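Visitor: I'm new to this one and would like to be walked through it. Could you put it up, please?
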Amino acid sequence: FTYKNVSLSGLFTFSQGNDVYNALRRNLESMDDFANQTSAVVNRWQVDGQNTDMPRAEYGDPTGNSGFSDRWIEDGSYIRLKTVSLSYSPKIFKKFTKNVTFSLTANNLITLTDYLGFDPEVSMSGTSYKQGIDAGLTPQFKSVYAGIKVGL
């Protein structure tokens, strides 16, 4: 959008219907050894008749509660404001310059998703059989840039 000397642009990205294997969550909620776990395991099954979706903690996992299952598959649908840019080109310094533009650009400001991991737009590798696996790699970071462009 442009109005007089101000310009605003944005880029949204989205994905709908994709599933992600949250391997990081599997490691942090498996309760099969003495490693650190997430706070979700506080609600684990402990006594008969308890209503919970978290299985019992068992060292070594003899019953296979932490094995591969749909428990670790999550909906990876999301919508993200990938980039937004605002620029202003005032009519100043006309004696010395052709133009001056002040700009502000931000990346990955907002992501709307139900995914429990860091980033639903994840891939363990570029290899086709490793896509859609969240192994806890560094998520996309938020950034803000400010700039001044001077045309001489």
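Visitor: How many aromatic pairs does a search of the whole structure find?
Guide: The search finds 2 aromatic pairs, where rings of Phe, Tyr and Trp (its six-membered ring) pair if their centres lie within 6.5 Å, and planes under 30 degrees apart count as stacked, over 60 as edge-to-face and the rest as tilted. One of them is formed by Tyr-21 and Phe-68, a tilted pair with 4.9 Å centre to centre and 45° between the planes.

Visitor: Where in the chain do Tyr-21 and Phe-68 sit?
Guide: Tyr-21 is in strand 3 and Phe-68 is in the loop between helix 1 (23-28) and strand 4, so the pair links distant parts of the chain, 47 residues apart. Helices (H or I, at least four residues) and strands (E, at least two) are DSSP runs, numbered from the N terminus.
Guide: Before we go on, this is a predicted model, in which local features need pLDDT of at least 70 and side-chain atom pairs count only at pLDDT 80 or more, while totals for chains, interfaces and linings use all residues. Residues are numbered from 1 along each chain as its sequence is written, and side-chain values use heavy atoms, with hydrogens and water left out.

Visitor: Is Tyr-21 buried or exposed?
Guide: Tyr-21 counts as buried, at 16% relative accessibility, whereas Phe-68 counts as exposed, at 63%. Buried means under 20% relative accessible area, exposed over 50%, and partly exposed in between (1.4 Å probe, protein chains only).

Visitor: Which strands form the open sheet, and in what order?
Guide: The sheet has 3 strands in the order 4-3-7, with mixed pairing. Strand 4 (73-75) and strand 7 (133-134) stand at the edges with a single partner strand each, so one side of each is left without a neighbour in the sheet. Two strands pair if DSSP finds at least two bridges between them.

Visitor: How many bridges join strand 3 to strand 4?
Guide: Strand 3 (residues 19-22) and strand 4 run antiparallel and are joined by 3 bridges, with Asp-19 standing opposite Asp-75 in strand 4.

Visitor: Changing topic, which strands does strand 2 pair with?
Guide: Strand 2 (residues 6-15) pairs with strand 1 (residues 2-3) in the antiparallel sense over 2 bridges, and 10 bridges join strand 2 to strand 5 (residues 78-88), again antiparallel. Thr-2 stands opposite Ser-7 in strand 2, while Leu-8 stands opposite Leu-86 in strand 5.

Visitor: What is between strand 1 and strand 2?
Guide: The two strands form a hairpin with 2 residues between them, and Lys-4 in the turn has a positive phi of about 55°. Most residues other than glycine have a negative phi.

Visitor: Where is Met-31, and what is its phi?
Guide: Met-31 is in the loop between helix 1 and strand 4, and its phi is near 55°, a positive value in a residue other than glycine. Met-31 counts as buried, at 6% relative accessibility.
Guide: Asn-108, in strand 6 (residues 99-113), also has a positive phi of about 55° although it is not a glycine, and Asn-108 is buried, with a relative accessible area of 9%.

Visitor: And what is Phe-102 in contact with?
Guide: Leaving aside neighbours within four places in sequence, Phe-102 is in contact with Leu-86, Ser-87, Tyr-88, Pro-90, Gly-147 and Ile-148, where contact means heavy atoms within 4.5 Å. Phe-102 is found in strand 6 and counts as partly exposed, at 32% relative accessibility.
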